[in-house]
Amino acid sequence: MTLPQRLVYQLIRSGRATSQSDIARHLRMPGNTVHGLMGRMAEAGLICPGRKERRGRGRPIQHYRVRRDGTVLAVRWLGSVWQAGVFSGESARGQIQTRQSPLVTDLDQALEALRGLRDAALAAAQLEMGDVTGAVVAINAVRGEGGYPLSSSVLPWLREVGDAPFSQALGCETQLQLACGAVVPELRARMSEGVRSLTILNIGDGVSAHGMSLDEEWGGEHAWRGEVGHMVVEPRGPMCGCGHRGCLEAVASGPAVLRRVKADVEAGVRTALSAAVLSGGVQASPGSLFDELERVEGEDAYAAGVVEDFVDRVAWAVSAVVNMAGPDVIVLSGYTLEERETWRQRILARARDMVLFGEEEDIRVEYPRLGAEEYLAELSLTYDFRAGDAAVQRA
Ligand SMILES: [Zn+2]
């Protein structure tokens, strides 16, 4: 591909601009140049027409998507919650598979769980391994430094391992996706409401924030992954996977809250949560603890206190995002937060008290609009077929 073609390809693939006029505006190139460029790309089989958008009367706007003929296994694995689906084009083949587990502590556990999930997704799609072109696995990590390929505070053992074993374990070219792929589609889902900037605050096995503003030059997506989650909120608090003490992630992530409740129960605290953290010696999953917290907080003083502390921490994180970035919308995501409407309202009320500047009405805190299937479909679209071909040719 030529350089302009690469730019167009990336814009379409990321979803930042998918119609000829949007692409021309983003690249500041004349419309007819872009028209010619995209015509050649379509002929070469790189892109193809996607959805049509109707805006009032007038001609519908044609959007384009990256052309893909293969079938991709998409897995979102952030630590203790696992989701997978098989996609051809943009459509799912069979039901999306979801699992919960304790936080995985080594590579063997991770690969075994991944293979189990792959088999379930293939069975649901009525496909076999030979039908799959490749896999994309979203994980909680960033590209490492100092000779280590990966770095993760949630899965610290990944640092010693890197991304090589994943392709071998899944039996196909496997690409790790380290970016939070939900920012662009969540923003796109609200554009018609005039939303221009958005930050996703994710609290699951880790704590991270990712944002994007349409008013910046393209490529303006930023991750505060290593920042919001690793701001120190309790200087003498528990150790964090990053090596510091008392980071937000070490006190408010799913595994952190699970560790705290477990320690208290073992120390003799009486609470309805004991069953959820000590279920027959089997390690509990943080996700199920949060469901239990929400269920019993009305009648269990200890659980109410844990929820209160959690809501406080999240509100603090929301106010930090507002003060630093001031996005139009903050999306609360992750299994600790999603679908707990009364918690969202409490977080919002508390965050309003903490924000330094601006009008109260300015804070808009919502849940994601993308369901698991839409998220995985977006993830599957990031599979780079060219990289896959290159790997096959090398082998
Ligand atoms: Zn940390």
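Biologist: Which residues in α1 meet L37, M38 and M41 in α3?

Modeller: P4, Q5 and V8 do. To meet here is to have C-beta atoms, placed from the backbone, within 7 Å. This is a predicted model: local features need pLDDT of at least 70, side-chain atom pairs need 80 or more, and totals for chains, interfaces and linings use all residues. Numbering starts from 1 along each chain as its sequence is written.

Biologist: How do the axes of α1 and α3 cross?

Modeller: At roughly 80°, and the axes come within 10 Å. α1 covers residues 3-14. The two helices are therefore roughly perpendicular to each other (65 to 115 degrees; under 35 is roughly parallel, over 145 roughly antiparallel, the rest oblique). Axes are lines fitted to C-alpha atoms, for helices over the stretch in contact, with angles from 0 to 180 degrees between N-to-C directions. Helices are DSSP runs of H or I with at least four residues, strands are E runs of at least two, and both are numbered from the N terminus.

Biologist: What does the contact of α1 with α3 have by class?

Modeller: Five nonpolar residues, one polar and no charged. Nonpolar means Ala, Val, Leu, Ile, Met, Phe, Trp, Tyr, Cys and Pro; charged means Asp, Glu, Lys and Arg; the others, Gly among them, are polar.

Biologist: And which residues in α3 does α2 meet?

Modeller: G31, V34, H35 and M38 in α3. From α2 come Q20, S21, I23 and A24. By class, this contact has four nonpolar, four polar and no charged residues. M38 in α3 also meets α1 residues.

Biologist: At what angle do the axes of α2 and α3 cross?

Modeller: Roughly 115°, coming within 9 Å. α2 is residues 20-27 and α3 is residues 31-43.

Biologist: Switching to strands. What order does the open sheet have?

Modeller: β5-β4-β3-β6-β9, five strands with mixed pairing. Strands pair if DSSP finds at least two bridges between them. β5 and β9 stand at the edges with a single partner strand each, so one side of each has no neighbour in the sheet. The twist averages 15° from one strand to the next.

Biologist: How many bridges join β4 to β5, and do they run parallel or antiparallel?

Modeller: Seven, antiparallel. β4 is residues 81-88 and β5 is residues 91-100. A84 has Q97 in β5 as its bridge partner.

Biologist: What do β4 and β5 form?

Modeller: A hairpin, with two residues between the strands. G89 sits in the turn and has a positive phi of about 60°.

Biologist: And which way do β6 and β9 run?

Modeller: Parallel, joined by five bridges. β6 is residues 134-138. A138 stands opposite Q177 in β9.

Biologist: Now α10. Which residues does it meet in α12?

Modeller: P286, G287, L289 and F290. The α10 side brings G254, P255, V257, L258 and V261. That contact has seven nonpolar, two polar and no charged residues.

Biologist: How do the axes of α10 and α12 cross?

Modeller: At roughly 70°, coming within 9 Å. α10 and α12 are therefore roughly perpendicular to each other. α10 is residues 254-266, α12 residues 286-296.

Biologist: Zooming out, what does the domain assignment give?

Modeller: Domain 1 (3-66), domain 2 (71-181 + 372-394) and domain 3 (183-366). The bounds come from an automatic or database domain assignment. Domain 2 puts 15 residues into its contact with domain 3, which puts in 24 residues.

Biologist: How do the residues on the side of domain 2 that touches domain 3 divide?

Modeller: Eight nonpolar, six polar and one charged.

Definitions and conventions. Contact = placed C-beta atoms within 7 Å.
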